[in-house]
Amino acid sequence: MYHEKLDPFPKDFLWGAASAAYQIEGGWDADGKGPSVWDEFAKIPGKTFEGTNGDVAVDHYHRFQEDVKLMAEMGMKSYRFSVAWSRIFPEGSGEVNEKGLAFYEQLIDALRKYKIEPVLTLYHWDIPKALQDKYGGWESRKVIDDFDQYARTLFTRFKDKVKYWVSFNEQNVFTAMGYRWDTHPPRVTDVKRMFAANHIINLTNAKVINSFHELVPNGLIGPSFGYGPMYSFDCDPSNVLAALNGEEFQNHWWMDVYVHGKYPKVTFKHLTRLGIAPTLEAGDEALLQSAKPDFLGVNYYHGGTVKANEIEQPPTSEDQDTEEKAFQATDPYLMQPKTEQAQSPETTMFKNVANPFLETTKWGWEIDPIGIRIALRRLQNRYDLPMMITENGLGAIDQLTDEGTIEDDYRIEYLQTHLIEVQKAITDGVELLGYCAWSFTDLLSWLNGYKKRYGFVYIDRDDTSEKDLKRIPKKSYYWYKKVIETNGKELYSNR
């Protein structure tokens, strides 16, 4: 769709940035905090890059005032952060740790002082270790009430200070990485257990949204999903069908439950045929359908391109050449078995291939600005809810110059091209609340340590030493500051 003139970004658009507790806070056992599964997992030899972990991270726990001041100087309108569940309930349930609540209240108060809207994420992958040990974490229905108790504690404490809440971050990623690929805790490789745990998380999400609407009637809550639009490799109808299969399996499976409270029929039948569909107990469907999110959080990095499955269309030599460029196995958004497995749902549905029109990052992630517009359009048309882009950013190897600056023009280009497509989507008719770039400061990449940097603010540390943890605004920091000041007009200043 071509527009002679683009609509401006809304005047109250929430320009911001994001983070996650384990990746920035440090203070892993400070002031009564209990261990999370990541405090244990990251110390297993060989599981993270050069053994990096979040014990110190970028020490946001002790330096949040400094970080918030940098946000204010940038002019940020919103800041999305997550709460560490085990900082509030060291054992996952039971007695509240008041010092943990006090930390987040101080952070929220600091943000509000500078008129920065807090966007609070309840869960960003760090379930308390105590609950994992006690009953298997997300594989037990006991977790539903424990998480609800945790959430209700935060709702009650912060209901007058926080308007925007995210229930779960990237459920599609942490369930697959943790229960299927053995690359995140709890180190499981069983797709049936993955879908079972995912169902319990869906029930938990529904219960928490209902609790939120009871306790925070003036707030807005929604899940944040790692969404990537699926493309057909070409116009061969077999490949078009594969793209439909991919879209339904990779995206609709989760998001239809969030919004409509129902699993998509085609995918559910497919999983049932394979013997890996989740078991629905009495009352499950009623609970899922009772909860309605107020908005959808969208984490966008790239989509995926697919061809027909190899059973119906065995690969040719040309296909094998193309597959040499296929995604790295560590890409959490488009992982697929390299060999056929008895319980691999994708095997009969589609095959991921590289998109010949797209460049990739150093980590093999495709760079697709137009894809963010496609994503927003598809989601608006299917679910008709307001959205907030809760993550979008570029992981790169940033270098300090001799002058002590970081000339990250590549990050500016990445964000600029994506934001222009966001503005086009708004002009199309997409209802968008805000944009939170990933991330504000550099942080611990879950599996790639501190080498892979995303932030507007450089943190002077590396994989082997915390150094002085000095905060150094990058060139992109000052660019984004102008974007915010001009409400997006700066996007076109050098084009």
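This is a predicted model: local features need pLDDT of at least 70, side-chain atom pairs count only at pLDDT 80 or more; totals for chains, interfaces and linings use all residues.
Residues are numbered from 1 along each chain as its sequence is written. Local features need pLDDT of at least 70, and side-chain values use heavy atoms, with hydrogens and water left out.

**The helix pair**

Helices here are DSSP runs of H or I with at least four residues, and strands are runs of E with at least two, numbered from the N terminus. The axes of helix 15 and helix 16 come within 8 Å and cross at roughly 30°; axes are lines fitted to C-alpha atoms, for helices over the stretch in contact, and angles run from 0 to 180 degrees between N-to-C directions. That makes helix 15 roughly parallel to helix 16 (angles under 35 degrees count as such). Here is who touches whom, with contact meaning heavy atoms within 4.5 Å:

| Helix | Residue range | Contact residues |
|---|---|---|
| Helix 15 | residues 409–428 | Asp409, Arg411, Ile412, Leu415, Gln416, Leu419 |
| Helix 16 | residues 475–485 | Lys475, Ser476, Trp479, Tyr480 |

Next comes an open sheet of 3 strands, in the order 6-8-9 with mixed pairing; two strands pair if DSSP finds at least two bridges between them. Strand 6 (230–232) and strand 9 (351–353) sit at the edges with a single partner strand each, so one side of each has no neighbour in the sheet. From one strand to the next, the twist averages 50°.

Strand 6 pairs with strand 8 (residues 304–307) in the parallel sense, over 3 bridges. Ser232 has Val306 of strand 8 as its bridge partner. Helix 10 (residues 237–260) packs on this sheet, touching strand 6 and strand 8, and its direction makes about 170° with that of strand 6.

Note on methods. Angles under 35 degrees count as roughly parallel, over 145 as roughly antiparallel, 65 to 115 as roughly perpendicular and the rest as oblique.
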